[in-house]
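The sequence and structure come first.

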Amino acid sequence: MGGRAVSDLGRIIQTDADVAEGAAWLAQKDARFAQALEQTGPLPLRLKPDGFRGLLEIIVSQQVSVASANAIRARMQAAGLTTQAAVLDAGEEGLRHAGLSRPKIRYALILATSDLDYASLHDLDDSDAMARLTAITGIGPWSAQIYVMFCMGRADVFPPGDLALQVAAQNLFDLPARPGAQELAELAQAWTPWRSVAARALFAYYHILKNREGLG
């Protein structure tokens, strides 16, 4: 790996204590986060596997419900489809049998044939790492942001295009309408250097809203 120290790249979330530190900072920064955290309780670490497996799982999660994504991931794990070699060996038929849609089969096979150096991503700042990821067909901004947040543990990344985060922010901050990606990104600037923890808080708050109001 290259020459940048972790300190040059910002905080890396590795433990529950790191998440708790960010949550405490957010609660002190904005009373509305304090109110949300009273309801959510301690936030989950939510770290995911690094490397090919983690990125493939994010592709599986694109634009489907959590339940559907979990079911497909379980089938893929049962079939051993967690490595580049296994995905290539399975081919279109094997991936289809695991439940992937036609576009996701294509994206999975493209990822499996890519020469992405996952280790070298840790030497890049957040923007450069996400640019490296989005250069691969099938990896859009949301997928790259989720990977950098939850697979690489970066503390100050936020996916403003995520519908759940938009709904949670509208409710928590009493906004007149659900914010679009640009508006939410601008709002999230105030949560630096803990935007990844703010995302965790809003995800947790969204689940409370969903249970309370029957949101889809």
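## Backbone geometry

Asp174 is found in the loop between α10 and α11; helices (H or I, at least four residues) and strands (E, at least two) are DSSP runs, numbered from the N terminus. Phi of Asp174 is near 55°, a positive value in a residue other than glycine. Asp174 is exposed, with a relative accessible area of 69%, where buried means under 20% relative accessible area, exposed over 50%, and partly exposed in between (1.4 Å probe, protein chains only). Arg46 also has a positive phi, near 65°, and is not glycine. Arg46 sits in the loop between α2 (31-40) and α3 and counts as partly exposed at 31% relative accessibility.

Thr192 and Pro193 are joined by a cis peptide bond, with omega at about 15°. Pro193 belongs to the loop between α11 and α12.

## Model and confidence

This is a predicted model, in which local features need pLDDT of at least 70 and side-chain atom pairs count only at pLDDT 80 or more, while totals for chains, interfaces and linings use all residues. Residues are numbered from 1 along each chain as its sequence is written, and side-chain values use heavy atoms, with hydrogens and water left out.

The protein chain averages a pLDDT of 92, and 94% of the residues score at least 70; pLDDT is the predictor's confidence in each residue, from 0 to 100. Over residues 1-6, pLDDT stays under 50, and the model has nine contacts beyond four places in sequence for them. Contact means heavy atoms within 4.5 Å.

## Nonpolar core

A nonpolar core is a set of buried Ala, Val, Leu, Ile, Met, Phe, Trp, Tyr and Cys residues joined through side-chain atoms within 4.5 Å. The largest one has 69 residues, and those with the most contacts inside it include Phe33, Met76, Trp191 and Leu202. Helix α12 (residues 195-213) provides the largest share of this core, 10 residues.

Beyond its neighbours within four places in sequence, Phe33 contacts Leu26, Ala27, Leu172, Phe173, Trp191, Ala198, Ala201 and Leu202.

## Pockets

On a 1 Å grid over the protein atoms alone, a pocket is an open set of points with protein on both sides within 12 Å along at least five of seven lines, a cavity is a set where a 1.4 Å probe fits but cannot get out, and lining residues have an atom within 4 Å of a point. Grid points are joined across faces, edges and corners, and a volume is the space filled by probe spheres set on the points.

The largest pocket holds about 970 Å³ of space. Of its 34 lining residues, the closest to the centre are Ser61, Val64, Val66, Trp142 and Asp162. α9 gives the most to this lining, with five residues. By class, the lining of the largest pocket has 15 nonpolar, 12 polar and seven charged residues; Ala, Val, Leu, Ile, Met, Phe, Trp, Tyr, Cys and Pro count as nonpolar, Asp, Glu, Lys and Arg as charged, and the others, Gly among them, as polar. The second largest pocket has about 160 Å³.

## Cavity

One cavity of 30 Å³ or more is found in the whole structure. The largest cavity has a volume of about 50 Å³, and its lining includes Arg53, Glu57, Arg73 and Met76. α3 supplies the largest share of that lining, four residues.
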